[in-house]
Amino acid sequence: MKKINLISIIIFIISIVYYNYIHNTNTNNINNSSSNNNNNIIIKEDKMCDHKHLVDKVDRLVLPDNIVPSKYDIHLRPNLKDFVFSGKVDITINIVKPTKKIIIHSIDIEIQSVKILNQQATSVTYYEPEEVAILEFQDELPVTENTILSIDFTGILNDKLKGFYRSKYVVNGEDRYIGTTQFEATDARRAFPCFDEPALKSFFNIKITIASHLTALSNMDTTSIIENNDGTKTFIFEQTPKMSTYLVAFVVGEFDYIEKYTKEGIRVRVYKCVGNKESSEFALDVAVKSLSYFIDYFGIPYPLTKADHIAIPDFTFGAMENWGLITYRESILLTSDKTTLRTKQRIANVIGHELAHQWFGNLVTMEWWSQLWLNEGFATFMGYLSTHHLFPEWEVWNDFSDCYRNGALRLDALENSHAIEVPVRFSSQITEIFDAISYNKGSCVIQMLESRFGESFRKGLHHYLDTHSYKNTNTEDLWASISLISGVDVKSFIDSFTKYPGYPVVSFTPTSTEGTFELSQKKFRLQGSEKSDDPIWNCFIRFQTGNAGQHEFILEKKSDTVTIPNFKNGDWIKPNYGQTGYFRIAYAPETIKALVPKIKSMEIPTTDRLGLLSDVFNLCKANTTSISNYMDLILAFEDEKESNVWDFIIDSLGSIQTLIEDQPYSSRFNEIFAQLLKPLSKRLGFEPTKGEASSDTLLRDKVNAKLGLLGDVEIVAECKKRFEAFKVDSSSLPSDIRTTVLATIVKNGGEAEQQFIIDQYLKSSLVAEKNSYLLVLSLAPKVELVEKALNFALSPSVRSQDCYMVFFSLPNRFRQFAWAYFTKNFNQMNETFKDSPLFGRIIGSCFTSKMDDAQYNEIVNFFKDNQVQIADRSIKQDLEMVTINSNWFKTFNQELSNWIQSK
């Protein structure tokens, strides 16, 4: 995960990490209790490894194939006062092989009765390791078509943020609740017994009976609402299209909404809980326009009549693409005058991402979870595509290069990376691949295809979606469609990027023949050496030159030469032009020298300036080039205007800053750092100006916030003045400079300032504002104040889904203390986060950027004794990066000291 500035941290985590946490409860396992139905014997079997009732298909464990579902008729009765629900599901099935036993997914719900073909189940047992119920019958069930498996059941509206769960909000000091769902990946089985695999698509008819003052929403629109005689009403919804169980959704509660219609006549609504004062207008406008854009782009009508978007107070991910009822975190859907431009960009991006899923994932669905990367990588790319279409002035592809491509390349350089297409044998392994490789690298691979094939890519998507509508597919089906249109064997071109972890670095070296260059590739590593089984990648490389135009070449072997027609020595040339190739370039010194004037004049596009910086910096970390070369290259960017380029410069220098903070030359390094940023700060001023470029708005916050953390006298003084005004009138502080002021004040203040921020957090009801307070709390200059911030993060005052923000912002100098704090409070934190992928990010935030052997071994030994399965991979990745940083520091320390002294 990036160690980047305060706002970028939250934005980056929301895009690739899905905002995931699950808060465990002390709820008794209802499967432990005996059923009141005398016909059933409820047993919880002992856990065992691998499989018992599921079927081994080599790369996956699945339900037996003797039962095939086709339709679910579901009637639910949730009780928001007692946090329980009852239900009945009639599943239309085909029995394709005679059997006396039906295996069905079911966990955390209690089955009361089971009927089929005039038989009741003689026993219902549960096997928790496989999350299944075993329904046994006295007489053999014969081969039968379209028979009904009828199941009555009860469950608890849990607070684990998965399955059918409760979420709390406050209206005028009163606690209220909604009931909502999160089924991806395998949690529909927590709401009703079902055949919970993506390939077992079915139709769904849903009815929900609730208290008469409540509203129920689901994937489809209501056909009728029946008023009952007992103070309840029943919402009956239209039948869904044929779809996977993980896309089913329902939400019950009290809501407000606004609506519009697309030009195609699709009704779009944005819902929020009653009493929420934040605005839905921006999200509604984006949702309407994005939906129309995708209808045109895919050339396939939106399959439903409505597209609802709803803000959920407690939510695992950033959003979830439930067909026709997309759920979001409140901070990723609603806005206020406290919402920053960066957050608005993120909202537009996520809405686009989820709407793209309505076709790519919902209409056509992956056959198994090993193809998850294609779902998420594609939607991530399309989110940027739609945002660029709606807001070209934002230049969001620069952000994609900075956050997504650089994020993927950084993580994928580790030995503890994984291929984006990876076998998923157990349900428990699915969560592990909801990571930056699936989202970030996946989207980069999709962009690489779109860049090479252009309109053929778009037409190939249309063919794929049209051919496989309402069906399941695998990765090769998409490649086949694009190949059919383009005439190119896409599979052979792209397999090396999907089947193997890592990526190549391509060395680009002039030869003695003018216009001819030598190309060679090897796997990029931050440590270690080449291996005999390293793959050879097919690298589609686009070159741009000053006088010889563009040229394209495919490097499909270890080394080759390329000749650029009409290229003259001394002219500039930029390989991987557009930065859409998923690889790094090792530039020859003379190539960089020729590019420097074009960097200074900014004639080379932003993505390419950013790509050059990223490649040189990471080759420096890999000890392929010197740190002096990188520092000299940065000086060529003194006139740079684009925020994403400066984001990378500030973040890369910040990572060096943390490694040298205990060195005698660190203060001089900080002075040079500040001198580099000061002219930018002077040009941009402190407050946004009307009509300014979005890049300036983002850059101002980044630059001034960093100067404030560096202790710049002018910035600190201005922040103190603004803070005093803010204490009198909170509306006096514009949202886009809020982080600068608050971060600077906490960093250069004391307990009084930190406590004021805490008090403001407790008073505020605006999500964007509350997040801005959490992001700065741990920046305090004293260890006792850092401890206070961490205590507050884990207190009931902060939603568990949000406490990670305090940990992510921890300064490196306090992370050793944070590690001690983590180990001291491990039992509490593990109980809260043990099922959350976000736990790994919290843990990694307690690691210093470099360590000695004793510190490193202490952490390794701790996790040997205290395993955190959900965070195992991310802990290994973070510790590997610590090792890389520690070794890198040893190689550059003296050279950087000499470079600093020469300035």
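Buried here means under 20% relative accessible area. The model on screen is predicted.

**Stop 1: helix H12**

Select residues 627-635, which form helix H12. Its buried residues are Ile 627, Ser 628, Tyr 630, Met 631, Leu 633 and Ile 634. Now show what lies over them: the cover includes helix H10 (589-600), helix H11 (606-621), helix H13 (643-659), helix H14 (666-684) and H26.

**Stop 2: helix H18**

Move on to residues 751-763, helix H18. This helix has 13 residues, and from its first C-alpha to its last it reaches 18 Å, close to the 18 Å expected at 1.5 Å a residue. Colour Gln 754, Phe 756, Ile 757, Ile 758, Gln 760 and Tyr 761, the buried residues of H18.

**Stop 3: helix H25**

Next select residues 853-865, helix H25. H25 has 13 residues and spans 18 Å between its first and last C-alpha, close to the 18 Å expected at 1.5 Å a residue. Its buried residues are Gln 855, Ile 859, Phe 862 and Phe 863. Turn the view to look down the axis of H25: these buried residues fall within an arc of 90 degrees, so they line one face of the helix. On the other side, Asp 853, Ala 854, Lys 864 and Asp 865 are exposed.

What covers the buried residues of H25 includes helix H22 (815-824), helix H23 (826-833), helix H24 (838-844) and helix H26 (872-902). H26 was also part of the cover at the H12 stop.

**Stop 4: the largest nonpolar core**

Which residues of the largest nonpolar core touch the most other members? Select Leu 135, Leu 149 and Phe 195; the core they belong to has 301 residues. Then highlight helix H2 (residues 281-298), which supplies the largest share of this core, 12 residues.

**Stop 5: the loop between E13 and E14**

Show strand E13 (174-182) and strand E14 (203-211), with the loop between them, and pick out Arg 189 in that loop. Is Arg 189 buried or exposed? Its relative accessible area is 1%, so Arg 189 is buried. Leaving aside neighbours within four places in sequence, Arg 189 is in contact with His 105, Ser 106, Ile 107, Ile 109, Glu 130, Glu 131, Cys 194, Asp 196 and Ser 427.

Ala 185 is in the loop between E13 and E14 too. Check the peptide bond joining Glu 184 and Ala 185: this bond is cis, with omega about 10 degrees.

**Stop 6: Asp 59**

Go to the loop between strand E2 (55-56) and strand E3 (61-62), where Asp 59 is found. At a relative accessible area of 31%, Asp 59 is partly exposed. The side chain of Asp 59 makes a polar contact with the side chain of Arg 60, at 3.1 Å. Not counting residues up to four places away in sequence, Asp 59 touches Trp 368, Val 424 and Arg 425. For a sense of scale, draw a line from the C-alpha of Asp 59 to that of Trp 646: the two residues are 587 residues apart along the chain, and these atoms are separated by 45 Å.

**Stop 7: two positive phi values**

Leu 117 is in the loop between strand E7 (109-116) and strand E8 (119-120). Its phi is near 50 degrees, a positive value in a residue other than glycine. Leu 117 counts as partly exposed, at 34% relative accessibility.

Asn 146 lies in strand E11 (residues 144-156). Phi of Asn 146 is near 55 degrees, again positive in a residue other than glycine. Asn 146 is exposed, with a relative accessible area of 52%.

**Last stop: the cysteines**

How many disulfides does the structure hold? The number is zero. Select Cys 444, where the nearest cysteine sulfur is that of Cys 403, 11 Å away. Cys 444 counts as buried, at 1% relative accessibility. Then select Cys 846: the nearest cysteine sulfur belongs to Cys 803 and is 11 Å away. Cys 846 is buried, with a relative accessible area of 2%.

Notes: Residues numbered from 1 in each chain as written. Predicted model: local features only at pLDDT ≥ 70, side-chain atom pairs only at ≥ 80, totals over all residues. Heavy atoms only, no water. Helix = DSSP H or I, 4+ residues; strand = E, 2+ residues; numbered from the N terminus. Expected span 1.5 Å × (residues − 1). Buried < 20%, exposed > 50% of the residue type's maximum accessible area, 1.4 Å probe, protein only. Arc of directions from axis to C-beta. Contact = heavy atoms within 4.5 Å. Core = buried A, V, L, I, M, F, W, Y, C linked by side-chain atoms within 4.5 Å. Disulfide = S-S within 2.5 Å. Polar contact = N/O pair within 3.5 Å; in protein donor to acceptor, adjacent residues only side chain to side chain.
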